[in-house]
Amino acid sequence: MKFAVIQFPGSNCDMDMLTAIRDVLGQEADYVPASATSLAGYDAIMLPGGFSFGDYLRTGAIARFTPIMDEVKRLAQSGKLVLGTCNGFQILCESGLLPGSFLPNRDLAFICKKQGLVVENNQSPFSSLYQEGEEITLPIAHGEGNYYCDEATLADLKANGQIIFTYAGKNPNGSTGNIAGITNKAGNVIGLMPHPERAVEEIIAGQDGLKVFQSMVKYFETAGKRA
């Protein structure tokens, strides 16, 4: 399986993502600049965290107009797996690949800590190796991680099983419905505010994030090769 790690100006978790895929997962991965126009030959697309274009306008608002995003949208519509973490989640929302938007954290402070999560749906390509209801711990690091959607959208997310991860215990940022990660209706695009790529080895933050990537490989080796 071959992964593309998109590098936007201001990405700062791209190396974490590449290392998790290459060195821990044992799969192929390349950096692809946001100026590129093709993702031919890749089986999954990863949008890493950071501060694309400095977040000077709004998180992800400028990155959505980069050339690579037209290709990401095309491949997402064809069924390819797309994962966006933190700023990548924000870019996916700005691009219309996921519903909702992001606001500053409830307490108007940057949060950087380990956070408990609950696996709400283990039937997605990104969560199949977890148990439903399982509690895991992943790092979070964001200033605008307060996911917002209206009541109708929240009802749809719940009804369609699109809420994959929620925050356990106290909501750290004010996110609607305690949401930490959602997919599109087709289930092949996911946005995660926590950083699974930073929790793939015991020596750093544990291995609770590794199953996100392993689930992707499992999906690709079964159904995903047809996309």
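**Cysteines and the annotated site**

Mentor: Start with the sulfurs: the disulfide count comes to zero, with a disulfide taken as a pair of cysteine sulfur atoms within 2.5 Å. Bear in mind that this is a predicted model, where local features need pLDDT of at least 70 and side-chain atom pairs count only at pLDDT 80 or more, while totals for chains, interfaces and linings use all residues. Residues are numbered from 1 along each chain as its sequence is written, and side-chain values use heavy atoms, leaving out hydrogens and water.

Take Cys 86, which is in no disulfide: the nearest cysteine sulfur belongs to Cys 13 and lies 6.5 Å away. Cys 112 is in no disulfide either, and its nearest cysteine sulfur, that of Cys 86, is 9.9 Å off. How accessible are these two? Cys 86 is buried, with a relative accessible area of 6%, whereas Cys 112 is exposed at 60%. (Buried means under 20% relative accessible area, exposed over 50% and partly exposed in between, using a 1.4 Å probe and protein chains only.)

Cys 86 also turns up in the UniProt record. The unreviewed entry lists Cys 86, His 195 and Glu 197 under "active site". They span 112 residues in sequence, but no two of their C-alpha atoms are more than 11.0 Å apart, so they gather at one spot. A word of caution on the record: UniProt feature names are shortened, positions are given in the numbering used here, and annotations may be inferred rather than shown by experiment.

Now zoom in on each partner. Cys 86 sits in the loop between strand E4 (81–85) and helix H3 (87–94). (Helices, H or I with at least four residues, and strands, E with at least two, are DSSP runs numbered from the N terminus.) Leaving aside residues up to four places away in sequence, Cys 86 touches Gly 49, Ala 141, His 142, Leu 192, Met 193 and His 195; contact means heavy atoms within 4.5 Å.

Glu 197 is in the loop between strand E11 (189–192) and helix H5 (210–222), and at 2% relative accessibility Glu 197 counts as buried. What does the side chain of Glu 197 make a polar contact with? The side chain of His 195, at 2.7 Å. (A polar contact is a pair of N or O atoms within 3.5 Å; within protein, one must be able to donate a hydrogen and the other to accept it, and residues adjacent in sequence count only if both atoms are side-chain atoms.) With residues up to four places away in sequence left out, Glu 197 touches Cys 13, Asp 16, Met 17, Ala 20, Thr 85 and Phe 213.

One more cysteine while we're here. Cys 93 lies in helix H3 and is buried at 8% relative accessibility. Its contacts, again not counting residues up to four places away in sequence, are Leu 98, Pro 99, Gly 100, Phe 102 and Tyr 147.
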